[in-house]
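Could you walk me through this protein, with an eye to what is buried and how the pieces pack? Here is the model, followed by a short tour.

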Amino acid sequence: MNKGLFVGSFDPFTIGHASIVRRALPLFDHIIIGVGVNERKKYMLDAEERVMRIKRLYADEPKIEVKAYSDLTIDFARREQATYIIKGVRSVKDFEYEREQADVNRLLSGVETIFLYAEPQLSSISSTMVRELQHFGRDISEFLPKGY
């Protein structure tokens with residue numbers, strides 16, 4: 001089975017993330033959306049809430065599963081028997097960071113990373129930007145998938 005693992009903090013899960021999932025679906029038999037939990041980070045939504053909201057988005061898609069994890073991505077990938085890690089890339093800055101991660105992940109586990117570039121109209125959307133807008137009382141609904 002060709003299984004992809006799409007990982008991130010997804011705090012919140014944006015229309016950019018949804019675009020990557022939609023575009024990755026034809027490439028894999030199964031996709032696990034891994035909601036990362038890092039005890040050193042402060043989140044807008046707790047892991048349980050993030051998982052529940054993403055599960056609700058994909059309730060009618062049998063090829064998608066959503067799980068939280070708090071260990072290394074490669075350990076999660078091994079546990080879930082993922083054949084690839086899926087990462088979205090918005091910019092050169094993202095690419096450099098994600099390339100380094102992909103190199104280390106491949107070195108330590110043999111798991112390859114597939115990069116999908118953000119659609120141009122979505123390349124400025126990040127969870128950080130959405131959280132900042134919400135902090136200042138702005139409506140963020142246009143940056144979130146319908147039903148999130």
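## Starting from a buried phenylalanine

F76 has a relative accessibility of 1%, so it counts as buried; here buried means under 20% relative accessible area, exposed over 50%, and partly exposed in between, with a 1.4 Å probe and protein chains only. This is a predicted model, in which local features need pLDDT of at least 70 and side-chain atom pairs count only at pLDDT 80 or more, while totals for chains, interfaces and linings use all residues. Residues are numbered from 1 along each chain as its sequence is written, and side-chain values use heavy atoms, with hydrogens and water left out.

F76 sits in helix α3, residues 73-80. Helices (H or I, at least four residues) and strands (E, at least two) are DSSP runs, numbered from the N terminus. Leaving aside neighbours within four places in sequence, F76 is in contact with L5, I32, G34, K67, A68, Y69 and D71, where contact means heavy atoms within 4.5 Å. D103 lies 27 residues from F76 along the chain, and their C-alpha atoms are separated by 17 Å.

## The overall fold

The protein chain has 5 helices and 5 strands. Read from the N terminus, the order is β-α-β-α-β-α-β-α-β-α. For 148 residues, a compact globule would have a radius of gyration near 15 Å, and the protein chain agrees because its value is 15 Å. That radius is taken over C-alpha atoms, and the globule rule is 2.2 Å times the number of residues to the power 0.38. The C-alpha trace spans about 45 × 35 × 30 Å along its principal axes.

Of the 148 residues, 42% count as buried. Among contacts with a separation of 6 or more, 77% are accounted for by residues 24 or more positions apart.

In soluble globular proteins, nonpolar side chains tend to be buried together. A nonpolar core here is a set of buried Ala, Val, Leu, Ile, Met, Phe, Trp, Tyr and Cys residues joined through side-chain atoms within 4.5 Å. The largest one has 27 residues, and F13, I31, I33 and I54 have the most contacts inside it. Elements giving two or more residues to this core are α1, β2 (30-36), α2 (47-57) and β3 (64-69). Helix α1 supplies the largest share, 4 residues.

F13 is in contact with F6, A18, V21, I33, I54, L57, Y58, L144, P145 and Y148, apart from neighbours within four places in sequence.

Helix α1 is largely enclosed by the rest of the structure, because 7 of its 10 residues are buried. These are G16, H17, A18, S19, I20, V21 and A24. Their cover includes β1, β2, β3, β4, β5 (112-117) and α5 (127-135).

H17 and I125 are 108 residues apart in sequence, yet 9.4 Å apart in space, C-alpha to C-alpha.

The loop between β1 (3-8) and α1 (15-24) holds T14. T14 is in contact with I125, S126, S127, V130, F143, L144 and P145, again leaving aside neighbours within four places.

P12 also lies in the loop between β1 and α1, and the peptide bond from D11 to P12 is cis, with omega near 5°. F10, in the loop between β1 and α1, has a positive phi of about 50° although it is not a glycine.

Q81 is another residue other than glycine with a positive phi, near 55°. Q81 is found in the loop between α3 and β4.

| Residue | Relative accessibility | Class |
|---|---|---|
| T14 | 1% | buried |
| F10 | 2% | buried |
| H17 | 17% | buried |
| K87 | 17% | buried |
| Q81 | 61% | exposed |

## A lysine in strand β4

Where is K87 placed? K87 is in strand β4, residues 84-89. K87 touches V7, E98, T113, I114, F115 and L116, setting aside residues up to four places away in sequence.
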